[in-house]
Amino acid sequence: MSASIEKGINALKRQVDSTVAAFFSSCVHCGLCAEACLFYTETGDPKRTPINKTEPLRRIWKSEFTLVGRVGKMLGLTKKVDDKFLEEWQELVYDSCTMCGRCSMVCPVGNDITMMIRKTREGMAAAGQAPAGLIGATTRSVTIGSPMGVKWPALRAQIKHVEEDTGLKVPVDVEDVEYMLLLSSMEIMNFPEFIEAVAKIFKKAGATWTISSEAFEATNSGIQIGVSDIAAELVQRIVDVADKLRVKTVISPECGHAYTAIRWDGPNLVGKAFNFNVRHILEVLDDLRKDGRLKMASKESQRLTYHDPCQIARRGGVIDEPRNLINMISDDFVEMPDAGKMNWCCGAGGGVSANERADELRLKVFERKKAQIDAVKPDAIISACSNCRIHLEDGLEEYNMDIPLLSLTETLAEHLADD
Amino acid sequence: MTEIELLSWARGPGLQIASIVFVAGVIIRFFEILVLGRKANLAEAKGREMSSGLKTMITRTVPDKATFKRSSVTIVLGYIFHIGLFVICFFSAPHILFLKDIIGFGWPSLPTAVIDAFAVVTIIALVATLVNRLTNKVMRYLTNFEDLLTWLLTFLPVVTGYIAFHRIGFTAPSLLAIHILSVELLLIVFPFTKLMHAFTLFIARWYNGAISGYRGVAS
């Protein structure tokens, strides 16, 4: 990734389209977006107001794409985008935004601010102004195939363990199946129980599926850092394998941004509609439920709540599905205030967890999540994103809260009916 | 120049110039935005784009409960001065007569006392908006020269209109001339500043609703 300020400016120019122009034209500096952002509400720092994070993109739009701005540029009146300015904004664009999308839901003029921050990252990355942690994760994704450096032998070993533990076969590189399961590195290394859960559920449901040894990584660092070329390359690896194996549906696992990357950005990144469907694991499980292929034998006795991962709910449209599924296994399910499409982010999405520099900040802004959890006092929290899960565990520990975190898929597998 | 000459310039050439700049400016701005276009979405849709976009164009007028609670001062002031400006602008008898001369038809006006009340409330709300802008931590941080200029250019027509109507100070023709000139200033600056949001917010809201709706989320 060679980078320079010229490349950064050109990348920002390429990001300007009619949506960006309409959004910037409409902003009245009302500041309402600040109150929707946990990085503002928990720090009280006005710099972290969402629309302010898009300032690099706004300057380029103004000076290159408006009449007034072009005249101003000729007269030398416009504010410049240079290395110093971008360096100053790095902390706002990467450390102080999880791209959770709450600001886009409250802006009274309708600006999709989150999308503009995502676009701003394209310019930042091209100018070499991305955090070291994310650059490392992205480089590993390209060269090794996984942001955490997980290679196929590691997954093969985990699969072997799962097969030994369950006596079930985990299909690898099988053609013409219903589903191809993707995994996040986090699941492979920290939560192999997820693979076990899917194997059990699919066995009971009689679903055919496979994992590919060539493209199993669901996460996409290119999306987080904001380098579309790399994001496209990572998506293309999955597309090639899915086409080769002729699978009907590619499953995005319990990971938030991975779903955005493959489901919504994927076809647009590679410039071609997919020959297969993409579904989140929760959508697949809810479909199995509707078809009567997912049956439960028992229920959880504890009080449960559900944390909506931003990219799956607000930015992904998977909101009813987890609730349908939880209702199968719980009589004591409580919603946190603002749950669903207005849920508060855990504070570690959008590449924040891969950026060590933001560690202190993400634990600070967790206070928002803590308040939400405190309001319902659950015995356990269910979620469907391993990144949320790791960070929620971190945050709960930091604030001395003893509440276990559960994966929805894994919890369902524990209650499967025997028939 | 006598005050009668000033008034006739304001009502004649002045208004023509301001109107031309306003209309041309708005068209240029729309063109600037829409000519950029956006790429077709190749991802399989989960919901509808068009209907969701249209819905958000209207629903974004009302904030969600939590947002209202957190930013009630800004929101209430915003409602008051927007509604106030609309009512004064389009329902005071002199304005309707003025517009009737240009477009050929009129509509019933509101009683003077009602318009008066709206004007006073709007003036108070606009002053409070400025105070809010300068004292609210976030707004103060975001505020730039354009925010202050557009505030002033919105404020002036309301105040000069109120004064002209009640003939405080100068003689009537010069007061009316000042009022009309202040409106012309507003018209000229309108397309090239954030005042343009009055039009573009509908495009922005449509895009927002469409982007969310495509993914099956009501925004």
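User: Which residue of β3(A) is the bridge partner of A:Leu181?

Analyst: A:Ile251 is the partner of A:Leu181. Before going on, a heads-up: this is a predicted model, where local features need pLDDT of at least 70, side-chain atom pairs count only at pLDDT 80 or more, and totals for chains, interfaces and linings use all residues. Residues are numbered from 1 along each chain as its sequence is written, while chains are lettered from A and ligands numbered from 1 in the order in which they are written.

User: What makes β1 and β3 of chain A a pair?

Analyst: Two strands pair if DSSP finds at least two bridges between them. Strand β1 (residues 179-181) and strand β3 (residues 249-252) of chain A are joined by three bridges and run parallel, so they pass. The names themselves come from DSSP runs, numbered from the N terminus: helices are H or I with at least four residues, and strands are E with at least two.

User: How do you know that β3(A) and β4(A) pair too?

Analyst: Four bridges link β3(A) and β4(A), in the parallel sense. For instance, A:Ile251 has A:Arg279 of β4(A) as its bridge partner, and A:Thr249 has A:Asn277.

User: What makes β2 and β4 of chain A edge strands?

Analyst: The open sheet has the order β2-β1-β3-β4 in chain A, with parallel pairing. β2 (209-210) and β4 (277-280) each have a single partner strand, so one side of each is left without a neighbour in the sheet. Helix α17 (residues 281-290) of chain A packs on this sheet, touching β1, β3 and β4, and its direction makes about 90° with that of β4(A).

User: Why are α11(A) and α13(A) called oblique?

Analyst: Axes are lines fitted to C-alpha atoms, for helices over the stretch in contact, and angles run from 0 to 180 degrees between N-to-C directions. Under 35 degrees counts as roughly parallel, over 145 as roughly antiparallel, 65 to 115 as roughly perpendicular and the rest as oblique. Helix α11 (residues 152-166) and helix α13 (residues 193-205) of chain A cross at roughly 50°, with axes that come within 10 Å; they are therefore oblique.

User: How do you know that α2(A) and α10(B) are oblique?

Analyst: Helix α2 (residues 18-26) of chain A and α10(B) pack at about 135°, with their axes 8 Å apart. They therefore count as oblique to each other. Residues making the contact include A:Phe23 of α2(A) and B:Tyr207 of α10(B).

User: What makes residues of chain B count as in contact with chain A?

Analyst: Two residues are in contact if their C-beta atoms, placed from the backbone, lie within 7 Å. By that rule, 49 residues of chain B touch 50 residues of chain A. α10(B) gives the most to that side of chain B, with nine residues.

User: How do the residues of that side of chain B divide?

Analyst: They come to 20 nonpolar, 15 polar and 14 charged. Ala, Val, Leu, Ile, Met, Phe, Trp, Tyr, Cys and Pro count as nonpolar, Asp, Glu, Lys and Arg as charged, and the others, Gly among them, as polar.

User: How many helices and strands does chain B have?

Analyst: Chain B has ten helices and zero strands. Its C-alpha trace spans about 65 × 35 × 35 Å along the principal axes.
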